[in-house]
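Please keep the structure open as you read.

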Amino acid sequence: MDLPLLAPPIPAGAVAPDPLIARRPAHLVGNTPVLWIDEPFAPPGRGFYAKLEGANPGGLKDRPGLHMVREARRRGALTPGAPIVESSSGTLGLGLALAGLTYGHPVTVVTDPGIEPSMLRLLTALGVRVDQVTAPHTDGGWQEARRRRVAELLAEGPGAYCPDQYHNPDNVAAYRPLAAELLAQLGRIDVLVAAVGTGGHSAGVAAGLRESSPELRLIGVDATGSTIFGQPARPRLMRGLGSSIHPCNVDYDAFTEVHWVAPAEAVWACRRLARRHYATGGWSVGAVALVAGWAARTYPVGTRIAAIFPDGPHRYLETVYNDAWCREHQLLDEDPPMEPDEIAEPDERVVAGWTRCNRVRDPLGRKTTAQAGVR
């Protein structure tokens, strides 16, 4: 039985180790903790290890925000003091705000009306200029509308730089340290469960882990209505995972299977995490927990499962954790099934709830290779 790895408690009266003192906020990024998650997602004695990326100052995307800007400066693609312009639903905006502060660049984030008011206020407080598009693109939805607005702003400001998180291999490379942290914390990982949006952290972490564990199984978690894995693009309530476009950073060859999760199912998981484990988060966290719990129940005893929790709950207090909002969107009507539905092909039919497929391919037919972040 694979029992959780627990640090021994500090005895009463003992001297605690000196706490970390950071000289700059960027020094707080990384070395995030891992928490053992069992009930109600898995029976006693089974469970999974959650990597709590919400412990970073702004969440998971502090890592690529800093790394993409640092690498762009190293190559000369971003000159000192030049503006940074990027599309984001919020979390990368926090990472870029940190990068802008760290390296001395003004930051503009292009978003859409779906951004939470709290995130909008926070980005503004951090000195980010927020530019909102007003209508979705006819083909690529809000994401494509945001990307086109980014192109307009880049044309208006010579010297401005866009990290282009969807297609930038530096986004993938930024997560290699996260893989190293997991190996140091857990020693061995058999299954990794990761949400997929830009494709950056699933590709980067899996590539890093497979250097030590070549048999690693990677389970991707997508949102219903997302087009990443071959479903038709539809309006999506959940933000942070899923996409209306096809990012180049998604390493389709790396995945063993994919699960699509619906909003009500993610809400259920987020709230159960909060009540039982205190550590919880937003849409991606709930969706990943639901699928990682299934893996913990399904895989043989002793399988070591790690799941990446991208953020914490604060951004979602008026959505995921707001009863009135959830009732308005019919997200509290019933508990999710304990097992996913299954389809043999990613485009077999349109899925509306938790569904699994062990056939993963690029819906555009592109030849994919694992991206290690080497240019």
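The buried residues of helix H6 pack against strands S1 (34–37), S2 (48–52) and S9 (305–309), and also against helices H1 (62–75) and H7 (200–210). In this predicted model, H6 spans residues 176–186, and its buried residues are Leu 178, Ala 179, Glu 181, Leu 182, Leu 183 and Leu 186. The spacing in that list is worth a look. An α-helix has 3.6 residues a turn, so residues three or four places apart point the same way. If you follow the chain past the end of H6, you come to Gly 187, which has a positive phi near 80°.

Next, find strand S4, residues 107–111, where Thr 108 sits. Is Thr 108 buried or exposed? Its relative accessible area is 10%, under the 20% cut-off, so Thr 108 counts as buried. Leaving aside residues up to four places away in sequence, Thr 108 touches Ile 84, Val 85 and Glu 86, along with Arg 129, Asp 131 and Leu 153.

Now turn to helices H2 and H3. Two packed helices are described by the angle between their axes and the distance between the axes. Here the axes of H2 and H3 come within 10 Å and cross at roughly 10°. An angle under 35 degrees counts as roughly parallel, and H2 and H3 are therefore roughly parallel to each other. On the H2 side of the contact are Thr 91, Gly 93 and Leu 94, which meet Met 119, Leu 122 and Leu 123 of H3. Sorted by class, this contact has four nonpolar residues, two polar ones and no charged ones.

H2 (91–103) and H3 (117–125) each supply at least two residues of its lining, and H2 gives the most, with six residues. The whole lining numbers 28 residues, and those nearest the pocket centre are Pro 57, Gly 58, Leu 94, Leu 122 and Leu 126. By class, the lining divides into 14 nonpolar, 11 polar and three charged residues.

What about enclosed space? Searching the whole structure turns up two cavities of 30 Å³ or more. The second largest cavity has about 60 Å³ of space. Its lining is made of Pro 40, Phe 41, Trp 268, Leu 290, Arg 297, Pro 336, Pro 337, Met 338 and Trp 354. Eight of these lining residues are nonpolar, one is charged and none is polar.

Terms used:
Residues are numbered from 1 along each chain as its sequence is written. This is a predicted model: local features need pLDDT of at least 70, side-chain atom pairs count only at pLDDT 80 or more; totals for chains, interfaces and linings use all residues. Side-chain values use heavy atoms; hydrogens and water are left out. On a 1 Å grid over the protein atoms alone, a cavity is a set of points where a 1.4 Å probe fits but cannot get out, and a pocket is an open set with protein on both sides within 12 Å along at least five of seven lines; lining residues have an atom within 4 Å of a point. Helices (H or I, at least four residues) and strands (E, at least two) are DSSP runs, numbered from the N terminus. Ala, Val, Leu, Ile, Met, Phe, Trp, Tyr, Cys and Pro count as nonpolar, Asp, Glu, Lys and Arg as charged, and the others, Gly among them, as polar. Axes are lines fitted to C-alpha atoms, for helices over the stretch in contact, and angles run from 0 to 180 degrees between N-to-C directions. Angles under 35 degrees count as roughly parallel, over 145 as roughly antiparallel, 65 to 115 as roughly perpendicular and the rest as oblique. Contact means heavy atoms within 4.5 Å. Buried means under 20% relative accessible area, exposed over 50%, partly exposed in between (1.4 Å probe, protein chains only). Grid points are joined across faces, edges and corners, and a volume is the space filled by probe spheres set on the points.
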